[in-house]
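Q: Please walk me through this structure, one feature at a time. I want the general idea, then the case at hand.

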Amino acid sequence: MPLLKNEAIIKELYTRVEGEDTLPDRGAVLVDLARWQADRSALIARGSEIGVRLTSAEAPEAIADDLSQLSLVALEFPAFTDGRAYSYARLLRERYGFQGEVRAVGDVLLEQLHFMHRSGFDCFEFSSDQPEEDWIIAQADMKVWYQPTGDKRPTATQLRRR
Amino acid sequence: MQQVVIANRLTDGVVVFLGRNRCWVESLDDCPPTEQTDEASALLALGVKAEEEQEIVGPDLIEVASHQGTLVPVKMREAMRARGPSTRTDLGKQAGN
Amino acid sequence: MYEYDEFDADFVNQRALQFGRQVESRLSGKLSEDQFRPIRLMNGLYLQLHAYMLRVNVPYGCLNSAQMRKLAHIARVYDKDYGHLTTRQNMQFNWIKLSDMPEILLELASVEMHGIQSSGNCIRNITADEYAGVAAEEIEDPRVYCELLRQWSSLHPEFSFLPRKFKIAVTGSEKDRAVVKAHDIGLRLHRNENGEEGFEVFVGGGLGRTPFIGKSIRAFLPTEHVLSYCEAILRVYNQLGRRDNKYKARIKILVHEMGSEAFSELVEKEWAEIKQGALALPQAEIERVREFFAPPAYEALPEEDPDFEAQRKAEPGFALWARQQLAAHKRAGYAIVNVSCSPVGKPPGDISSAQMEGFADLADTYNFGEMRVTHNQNLVLTDVRKRDLFDLWKKLVALGLATANHGLIGDTICCPGLDYCALATARSIPLAEKISERFADPERQAEIGEIYLNMSGCINACGHHHVGNIGIVGVDKKNTELYQLMLGGSAEEDASLGKILGPGFDEDGIVDAVETVINIYIDMREPNEKFIETYRRLGPEPFKDRLYGAPA
Ligand code: SF4
């Protein structure tokens, strides 16, 4: 599935290591929360970039103290109607100050991209035959926002005060 | 048991039935019911296909019965859809608008 | 009334155009119905029994005459010439075409209206006391905060895919006309011992399948924190609310299952993190919004108007109407006018486009061009000079809007039920019509006195049946409509939930049963005792005994 970041398709740098699968010899990996918690030191000792994938039932509080070790947090949308990860993304960015990549995975649709971006996601794994165009469409719709979020788009309230 | 396929038309939401020649019609009168279960499933499959083709929404098999010479859905809810609101008999299919 | 500036105007316009694009995607097949449904719901568009239904937000019930004329126009051009006032202070249209929607939304945007979040699992239209700003006993005008909440909740990126819908109500009065304890969040504006303004915060109220009265989780929240506190509540709910079962997904279940104390601890903890952040409201912003709700140019008038007194004596119909429909205004010489949209034998809350237009004219002539929609599916003119009441009444009579049944049994709350609603299990409108016909005599209604009769066509309780003094809910028993009767609910400060009395009745049986209940009340009430007071004193037994026969 294509990965979209900063308005362009990017190459996947991380090898997805599911469950207890063996780690590749080298290179960035994306592991589940349980694997990270079990194999933390081994993963760090590899010296490559580490990403952790959280299900929608796993709040980022579980990795809040580990974020300096991580370069990617992938948050799962099991269905696009399950909106827990919007809160998780905001917490990662605004509460825990995570600067790495926050990636939306799972049931990711054009119509949700804008909300996701506003909540702090900067990378999107979604099935589309024209992801870059979809991104432009999704960003073009709304240009006024009322909520101050970590994305720093100026809100209507802030603009009024200027 | 006599059955027909009911749905709402995508563009305007109007209640339609899968009628003669596999066309979607607005009146139950133009809609011969089937008594065969496999034919019913085939009709419903046509409905599902029509939904995928953006023609209708929510295809469903419903039971109908003959009542004073005309077909009427057995369930109250579907009867309401086939007729129009009971409190506004000037509106909907019953009023021809 | 709040007026859009360029930002608000752009916002609704962009949203309307966006929906146009989405409708196109739907019609071309880029979006499946499953993908499109949440999108159309978040723009107020349902698919009901006969057609699409559009719910237009009336923010906290406030409407101006230009908006009302636009609603009339939409009813006439795109629908079947009428609209329906809902129990959430909105207006809905029953016969909308999907293909007309982009155009309709642009029409609405032109008068600062929209259907954004009038449905879907998001924060719905904020509701408020319909007398906000004018009630004699009001502590503070809640509309300022309703507007701030409206903006904050509009397309909130974090809270647009909640476990379930989310409703917020605000009141600033001792008398609760906003039913704050039956909402996901209820906010009661009051003053503390130091005279500062703040909110008492209730959470986890709601009707539907599992009704609960909201629990107070904070006695005093300084007003500048209202957005951050709501954000904290929503953030806890968004993460912890149940998503495994639609019927257990409302915040009331979460609050109930974890206990309101544990819930409030989580909220306080979250709030402590964000209260000093960007959501804290500067006093200047509160004042900026408050200016929109500044009182209109009232005249200095004596409290009593001699002509009004004389006209009442001369015209019994007017006297009856005035006795029933007026409420005390905070300014001398003015009155609040309740306009009933539940005429005898007609669907409660339905209003024709001609009535909408006529009413908009009356608002211009007598009420500074504004009006309100109430959760009782009625309309209100908030600022009428007493000396204008007689003229106003005559014109309301001509419009068919002068029924004198405010707070009486004829003024039922009634959801659309099986005549329109795809979720219904039974009809409700025909019952409301029959009951209002049974009690059509205004003298009899007046003799019965204050009573609230609410009915719904299914357990979802859009007709608020649990908090009606008499509540009726329709169920489907083997393809026949059956109606259950409950007594003892109240939607006011002393909110309580009604209890089912016994086995259900058929359509005629339930009308008789209501009459029996009323007769028992009349027999057994003490002087000046309202129905709810008599019921609370006696309990359900006398009613049960007469309806179902005394136990042997
Ligand atoms: S209570 Fe039930 S029947 Fe009535 S409007 Fe709500 S969902 Fe429909």
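Q: How should I read Lys70(C), buried or exposed?
A: Buried means under 20% relative accessible area, exposed over 50%, and partly exposed in between (1.4 Å probe, protein chains only). Lys70(C) has a relative accessible area of 17%, so the residue is buried. This is a predicted model: local features need pLDDT of at least 70, side-chain atom pairs count only at pLDDT 80 or more, and totals for chains, interfaces and linings use all residues. Residues are numbered from 1 along each chain as its sequence is written, chains are lettered from A and ligands numbered from 1 in the order in which they are written, and side-chain values use heavy atoms, with hydrogens and water left out.

Q: Which residue meets Lys70(C) in a salt bridge?
A: A salt bridge is a side-chain nitrogen of Lys or Arg within 4 Å of a carboxyl oxygen of Asp or Glu. Here the partner is Glu107(C), at 2.7 Å from N to O. Helices (H or I, at least four residues) and strands (E, at least two) are DSSP runs, numbered from the N terminus. Glu107(C) lies in helix α4 (residues 101-109) and Lys70(C) in helix α3, so the pair ties together parts of chain C that are 37 residues apart in sequence. Glu107(C) is buried because its relative accessibility is 18%.

Q: Which residue pairs with Arg69(C)?
A: Asp361(C) does, through a salt bridge of 2.8 Å. Arg69(C) sits in helix α3 (residues 65-78) and Asp361(C) in helix α12 (residues 353-366), so this bridge joins parts of chain C that are 292 residues apart in sequence. Arg69(C) is partly exposed, at 28% relative accessibility. Asp361(C) is partly exposed too, at 40%.

Q: What area do chain C and chain A bury between them?
A: The size of an interface is often given as the accessible area lost when the parts come together. Buried area is the accessible area (1.4 Å probe) that two parts lose on being put together, summed over both. Chains C and A bury about 3300 Å², 58% of it on carbon and sulfur atoms. In chain C, Phe7(C), Pro157(C) and Phe161(C) lose the most area to chain A, together 23% of what that side buries. Contact means heavy atoms within 4.5 Å. By that reading, chain C gives 42 residues and chain A gives 34.

Q: Where is Val226(C), and which residues does Val226(C) contact?
A: Val226(C) is found in helix α6 of chain C. At 0% relative accessibility, Val226(C) is buried. Leaving aside neighbours within four places in sequence, its contacts are Tyr145(C), Leu149(C), Leu187(C), Phe199(C), Leu221(C) and Leu281(C).
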